[in-house]
Amino acid sequence: MAKTKAVSFSRNGGPEVFQYVDIDLPPPSQGQVQIRQEAIGLNFIDVYFRDGTYKAPHLPFVTGKEAAGVVTSVGPGVTDFVVGDRVAYAGADGAYSIERNIDTKHLVKVPGGISLETAAAMMLKGMTAEYLLNRTFNVGPETVLLFHAAAGGVGLIAGQWAKALGATVIGTAGSADKVQLALEHGYDHMINYKTENFAERVREITGGKGVDVVYDSIGRDTFPQSLDCLKPRGLFASFGQSSGAIENFTMAHLAQRGSLYATRPTLFTYIASRQELTDCANNLFDVVQSNKVRININQTYPLREVGRAHADLETRRTTGTTLLIP
């Protein structure tokens, strides 16, 4: 049986638990193709699996949800992909590998105008921005929104996309450099949460009205202040917890601040069907090819140095998108 290289962990913990190992690579089975991966996306969900926030289905476990590559072999029953197809995915465990087999239900074909590196950099983050702006809340010209972690991978895409939709876009970041970066990517107003009270600044920016929707991937450090930024009947969209899980949340938090709504969306619910996946990906490809959204690959690491990449991500030393290169 053929072998390939992958990064796995056998116990939960810090970046030091990663091991660069040989794994078996059998021929693709029914409904699968084999791909040679050109680039792998780094995302906070990878950290959650490594540290145990999300339970891995088995150990040892090859984590990673997002990558792009070229089909090298086709399994039985596959008719919609052929050898040589350029493909990408966001939602199939096992991305931290050089080669892999993958069910075709997870794959989309990458348009010729988009490089595989760009595809790997944007699938999970870009499709997250797509569902947050178009389906979790229907952002348009009347919308005023707040997006935390504006200089992160999702934040930089969302800022540009929301601006293209005509919204007034407010963001937060933790340094002057990140504030400036976000201002260059669609944000109308930026708040440095290290030096300013972001809830107070949002109220100042909006003339006391608040925002229609807060997109919060930070969690513990921004709760419940994110709720204080909302208009009555506004929406709190909590789609991550990079600073830790929100604790002691009660429905009274929503009632006391004006009949607020709250949701905890995940990308994988929004792309559960084949049609939803292709619609979401095509919306992303279209907005990138229109040049309304540009994808920033600000850091790259060799796959074998994924521990260093995780450490930099967790200590907020990264901006935009980070790729792992097999």
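**Reading the calls in this predicted model**

In this predicted model, the end C-alpha atoms of residues 13-324 lie 20 Å apart, and the span is 29% helix and 26% strand. The UniProt record, an unreviewed entry, places the feature "domain: Enoyl reductase (ER)" at these residues, 13-324.

Q: What makes the count of disulfides come to its value here?
A: A disulfide is a pair of cysteine sulfur atoms within 2.5 Å. By this rule the count is 0 disulfides.

Q: How do you know whether C229 is buried or exposed?
A: Buried means under 20% relative accessible area. C229 has 0% relative accessibility, so C229 counts as buried. C280, at 1%, therefore counts as buried too.

Q: How are α1 and α9 oriented to each other, and why is that word used?
A: Helix α1 (residues 44-51) and helix α9 (residues 306-314) have axes that come within 10 Å and cross at roughly 110°. Angles of 65 to 115 degrees count as roughly perpendicular, so α1 and α9 are called roughly perpendicular.

Q: Which residues in α1 and α9 meet?
A: From α1 come F44, D46, V47 and R50, and from α9 come H310, L313 and E314. By class, this contact has 3 nonpolar, 1 polar and 3 charged residues.

Q: What covers the buried residues of α9?
A: The buried residues of α9 are V306, G307, A309, H310, D312 and L313. Their cover includes β1 (2-8), α1, β14 (297-302) and β15 (321-325).

Q: Why is S217 called buried rather than exposed?
A: The cut-off for buried is under 20%, and S217 has 17% relative accessibility, so S217 counts as buried. S217 sits in the loop between β11 (211-216) and β12 (230-238). Leaving aside residues up to four places away in sequence, S217 touches H148, A149, F239, G240, Q241 and S242.

Q: What is the omega of the cis peptide bond that joins L59 and P60?
A: Omega is about -5° for this bond, and P60 lies in the loop between α1 and β4 (66-74). Another cis peptide bond runs from F223 to P224, with omega near 5°; P224 is in the loop between β11 and β12.

Q: What makes S259 partly exposed?
A: S259 has 48% relative accessibility and therefore counts as partly exposed. S259, not a glycine, has a positive phi of about 55°.

Key. Residues numbered from 1 in each chain as written. Predicted model: local features only at pLDDT ≥ 70, side-chain atom pairs only at ≥ 80, totals over all residues. Heavy atoms only, no water. Buried < 20%, exposed > 50% of the residue type's maximum accessible area, 1.4 Å probe, protein only. UniProt positions renumbered as here; feature names shortened; annotations may be inferred. Helix = DSSP H or I, 4+ residues; strand = E, 2+ residues; numbered from the N terminus. Axes fitted to C-alpha atoms, helices over the stretch in contact; angles between N-to-C directions. Parallel < 35°, antiparallel > 145°, perpendicular 65-115°, else oblique. Contact = heavy atoms within 4.5 Å. Nonpolar A, V, L, I, M, F, W, Y, C, P; charged D, E, K, R; others polar.
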